[in-house]
Amino acid sequence: MKAMVELYIQQFKTTLTMMFQYRASLLIWMIGQVLEPLVYLIVWSVVSASSGGSVGSYTTADFAAYYIILMVVNQVTYTWIMYEFEYRIREGGFSFALLKPVHPIHSDIADNVSSKVITLPVMILIAAGLGVVFHASISPAPWAVAMFIPVLLLAFLVRFLLEWTLAQAAFWTTRVGAINQLYFVLMLFLAGQIAPLTLLPSPLQAAAAVLPFRWLISFPVELLLGRLSPGETLVGLGAQVAWLVVSIVLMRIVWRAGLRTYTAVGA
Amino acid sequence: MKYLRLFGAFLRASIVGEAAYRINFFIQLFESLLSLGISLAGLAVIFSHADTLGGWRPDEVLALVGVYFLVGGVIGLVIQPGMEQLIESVRNGTLDFTLTKPEDAQFIVSIRRVEIWKLMDIVLGLGVLAAALVRLGQEIGVLQAAEFVGMLLAGAVIIYSFWLILATLSFWFVRVENILVIFQSMYEAGRWPVSLYPGWLRYGLTFIVPVAFATTVPAEALTGRLGWETMLGAVAMALVLLVVSRVFWRAGLRRYSGASA
């Protein structure tokens, strides 16, 4: 445990300096992260305004709050590991990471967290600004706010592990674009990005509840919006923990199989 | 004429090159269909809760999606690959070889790389457009069709000039790929009529990153909701940007010193 803490402290020292080098790029990449939810926010606001001020249980102000929180949750939980992994394996750079005595996932986590230390304050400022512009308001119960932190952390961990596992598809094929795109489509529809899940047709809602996607983005957002009862929150928390276990097991299985097939291309 | 022949030659070279990777055809087909599927499913979700979107009927938004794919296909087919290569060749100095060619260098850098599989997006875009027009059941007069083609051309010229200006920045700043990322994010917003967006974003998408001219304006021409002021504006903007980008390109070339070749 102590070794792990020391490892992470050292990792953060290097990755933070590294990420700080890329601060301009990090900010530019954020434009997409802001713009996509913003577009859906605007589209749904227009729909809501034209149908008497609400769609389903969402008023125009609720849509604003929903998408602004979603923007932040997505920023906290997102990864770019699929591109990174594909590049590493295609260029053979992964061989160096394998020489190190620790599992490479730790340096990837440190990378990811460091980038967010830099971008998250900016994102929160943007979210606050948009909240004012679009008159978003939320009134969650104090317990929901308290629960939001662990729920968000779990969402980050599960999403990171799942995407890290998915990224290992690059061990078998270096053309992973189609696989990634399929995953993004599922995220778009089943994690509540294209619309709040309750506005989707019920088969999709059912699929979203069984699959991990809802628990990665939509669930933390709904919690902070104050739309979940304590019971529903506990069920969601249980689902997150269950998916955490599943994703750890999956990650280990795929990792072992992947390593066996790995032959450094290009290096 | 000579230019067309040159473009034909680059196109043939690219087809020959890609023919070795036929699996890419299926990958691109899958990705394009998926991307179109997202758009259509998104529309289905939204129009299951509303009859019109900011005054646009479902089939009109469908026409817009067609235009979005069509123009996106043209960008992906030739504009983006060429400009990315330009940035790359300014950085590593290989632009020298282009400059020694007897033809106009701007023309060559603009057409020398063709990603032929992106033709798929163009075909899909045309298909969606045709489906939308049939469903609209509306007579498209010669005048309206001409307006549409005119606006599409103006939009393409605007987007091309805009990309050229961005890519030309690489003569001054070596790392500009990230600026291109901004364009890609902003282009996504062109899936929807820009009239939906609040003022500041609408102006941004019209004048700062001119996405509106490439998607919303041609779709408006097709659905007969375009005033002549906008049409004149689009044509004027296209001409001005074309000239500005040319001037900018020449200024950039004067600065170019063949970094390391």
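Predicted model: local features only at pLDDT ≥ 70, side-chain atom pairs only at ≥ 80, totals over all residues.
1. Residues are numbered from 1 along each chain as its sequence is written, chains are lettered from A in the order in which they are written, and side-chain values use heavy atoms, with hydrogens and water left out.

2. The lining of this second largest cavity (residues with an atom within 4 Å of a point) consists of A:Thr79, A:Trp80, A:Ile81, A:Glu84, A:Asp108, A:Asp111, A:Asn112 and A:Phe160. Helix α6(A) gives the most to it, with three residues, and α4 (81–91) and α6 (105–133) of chain A each supply at least two; helices here are DSSP runs (H or I, at least four residues) numbered from the N terminus. By class the lining divides into three nonpolar, two polar and three charged residues, with Asp, Glu, Lys and Arg as charged, Ala, Val, Leu, Ile, Met, Phe, Trp, Tyr, Cys and Pro as nonpolar, and the others, Gly among them, as polar.

3. The largest cavity holds about 70 Å³ of space, and its lining includes A:Tyr40 and A:Ile194 as well as B:Ile38, B:Arg191 and B:Trp192. Seven nonpolar, two polar and one charged residues make up that lining, to which α2(B) gives the most, with four residues.

4. In chain A, A:Ser247 lies in helix α12 (residues 230–261) and counts as buried because its relative accessibility is 0%, the cut-off being under 20% relative accessible area with a 1.4 Å probe and protein chains only. Its side chain reaches the backbone oxygen of A:Leu244 at 2.9 Å. Beyond neighbours within four places in sequence, A:Ser247 is in contact (heavy atoms within 4.5 Å) with A:Val158, A:Leu161, A:Leu162 and A:Thr165.

5. In chain B, helix α12 (residues 228–255) has 28 residues and reaches 40 Å from its first C-alpha to its last, close to the 40 Å expected at 1.5 Å a residue, a span taken as 1.5 Å times one less than the number of residues. Among the buried residues of α12(B) are B:Met231, B:Leu241, B:Ser245 and B:Trp249, and what covers the buried residues includes α3, α7 (142–168) and α9 (199–208) of chain B.

Notes: 1 Å grid on protein atoms, 1.4 Å probe; cavity = no way out; pocket = protein on both sides within 12 Å on 5 of 7 lines; lining within 4 Å. Points joined across faces, edges and corners; volume = space filled by probe spheres on them. Buried < 20%, exposed > 50% of the residue type's maximum accessible area, 1.4 Å probe, protein only. Polar contact = N/O pair within 3.5 Å; in protein donor to acceptor, adjacent residues only side chain to side chain.
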